[in-house]
Amino acid sequence: MFEQSRELNFSIRFAPSKNKIMQTKNYDVKDLSLAAEGKLKIEWSGQNMPVLKNIRERFTKAKTLKGLTIACCLHITSETANLLITLKAAGATVVACASNPLSTQDSVAASLVKDFGIDTYAIKGEDSKTYYKHLNAALDYHPQITMDDGADLVNEIHKLKIQNAKGKITIKDKKSFVWDFYGSSEETTTGVIRLKAMEKDGYLKLPVIAVNDSDTKHLFDNQYGTGQSTIDGIIRATNVLLAGKTVVVAGYGWCSRGIASRAHGMGANVIVTEVDPVRALEAAMDGFRVMTMVQAVKTGDIFVSATGDKHVLSLAHMKGMKDGAIVANSGHFDVEIDMAGLEKYKKSKKRIRNQLDEYSLPNGKKLYVLGEGRLVNLAAAEGHPAEVMDMSFANQALAARWFVENKGKLEPKVYVLSKELDAEVASLKLQSMGITIDTLTPEQKKYLSSWTEGTQ
Ligand SMILES: NC(=O)c1ccc[n+]([C@@H]2O[C@H](COP(=O)([O-])OP(=O)(O)OC[C@H]3O[C@@H](n4cnc5c(N)ncnc54)[C@H](O)[C@@H]3O)[C@@H](O)[C@H]2O)c1
């Protein structure tokens, strides 16, 4: 547990010094000349990440991660850059690769290499082969800790030889190099689902922390972050007016309820589709129309899926949509829209604007797909605002420290960070927002933990 900082300084300025060239030798980014733009973006995000800054100051002083190598497979955005800088300041050697082929901000990747000396392997639009080449380039650094957004890196590690005897975990790579491993932390719901499935099947060989499952992650990042940035992505790709449109949101989980409420706030008529009766009931009582997708396709103008599930928007659904319908995904993988089915069925396709493709269908209709069916908030916009990533990445940094503190004691299973750490992160965030809250009196504490007082 860390102390709270008394003062949270919002004007953050990072090393490097002006005269010092920190450029790494090993990297694969689009264009290093974009670094100046990326550095400004990184600094701007840093100003809205006071909790992470607080942790950076403490970790820097204590050199909490000294001597470790950490490989981060995350969306390479300006907010992620602030996490990577924090890990490096805490004494770690940091290597980064993209967790999605379309989510990299090329200017940020360039700045990480040129200004911050962080080896980075990420190019926006990289193909699948390059994507996995980059993941394996990160593993070639023999990291003790990894961070994932979707569990692809952990899956690559499981292709190597892992030994876990009484908590001493070693990994042997294809060149027979053996190194110690502490654990891996996971950022998103889909990654956690995959890891839990690996644990259930007895396939998981490493301890992992489901950072997504901390309250200060999913309640804020998934809901308010995905809510705002998904709408941002739809608007940047299309510039359509949401007011008066019928927006169909698939799912009423943390992400999708954020999207539904933001679309409603902008004047859209929102329809929700669900498979979970409790969540469907919540959506109905929050005032949304709830129906099946087959019913919704008849009236929807814009469709957004954020379920973590496959083919939520099937070819049959898309064939039934109105002429001119817009389709987007904000779930982790590009499986929510049946893109392969659509590609096969289409008559022709043309790019209209950045991240906006027009599909002409044999049934005479036109359909518009955003971000090639990948996460629209990262493909067509910049992902979540810094204010929420502040808490998500505070949890990631704390997860790295937790692995150091618990080395040798962990089993190959999915762990979550403690409620105390959640409370600490939330308290720091409130403090940075200038909000103070009440505390329980001794009398209230006693009352809340006893059973003796009933009806008076
Ligand atoms: N775009 C982003 O930046 C971002 C951020 C966080 C999470 N995610 C991803 O978004 C997805 C959803 O995450 P979450 O935290 O909201 O998950 P969640 O589990 O809270 O919600 C998912 C909801 O989708 C529903 N669902 C499943 N299949 C469905 C179907 N066929 N039709 C309708 N509803 C269906 C489930 O019942 C559930 O209520 C995951 O893939 C997650 O990794 C994306």
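Analyst: Let us begin with contacts, bearing in mind that this is a predicted model. Leaving aside neighbours within four places in sequence, leucine 356 is in contact with Ala237, Thr238, Lys350, Arg351, Tyr368, Val369 and Leu370. Leucine 356 belongs to strand β16, which covers residues 356-360.

User: Is leucine 356 buried or exposed?

Analyst: A residue counts as buried when its relative accessible area is under 20%. Leucine 356 has a relative accessible area of 7%, and is therefore buried. As for distance, leucine 356 and phenylalanine 181 lie 175 residues apart in sequence, and their C-alpha atoms are 42 Å apart in space.

User: Where is lysine 217 found, and why does lysine 217 count as buried?

Analyst: Lysine 217 is found in helix α8, which spans residues 215-238. Lysine 217 counts as buried because its relative accessibility is 2%, where the cut-off is under 20%. Not counting residues up to four places away in sequence, lysine 217 touches Glu187, Thr188, Val211, Asn212, Asn222, Ser392 and Asn395.

User: Which residues make the nonpolar surface patch?

Analyst: Met433, Ile435 and Ile437 make this patch, whose area is about 320 Å². Isoleucine 437 sits in the loop between α16 (419-432) and α17 (442-448). Exposed means over 50% relative accessible area, and isoleucine 437, with a value of 61%, is therefore exposed.

Note on methods
Residues are numbered from 1 along each chain as its sequence is written. This is a predicted model: local features need pLDDT of at least 70, side-chain atom pairs count only at pLDDT 80 or more; totals for chains, interfaces and linings use all residues. Side-chain values use heavy atoms; hydrogens and water are left out. Patches are made of residues with over 30% relative accessible area and no salt bridge: like charges are joined within 9 Å, nonpolar side chains (Val, Leu, Ile, Met, Phe, Trp, Tyr) within 5 Å. Accessible areas come from the Shrake-Rupley method with a 1.4 Å probe; for residues, only the protein chains shown count as cover. A salt bridge is a side-chain nitrogen of Lys or Arg within 4 Å of a carboxyl oxygen of Asp or Glu. Helices (H or I, at least four residues) and strands (E, at least two) are DSSP runs, numbered from the N terminus. Buried means under 20% relative accessible area, exposed over 50%, partly exposed in between (1.4 Å probe, protein chains only). Contact means heavy atoms within 4.5 Å.
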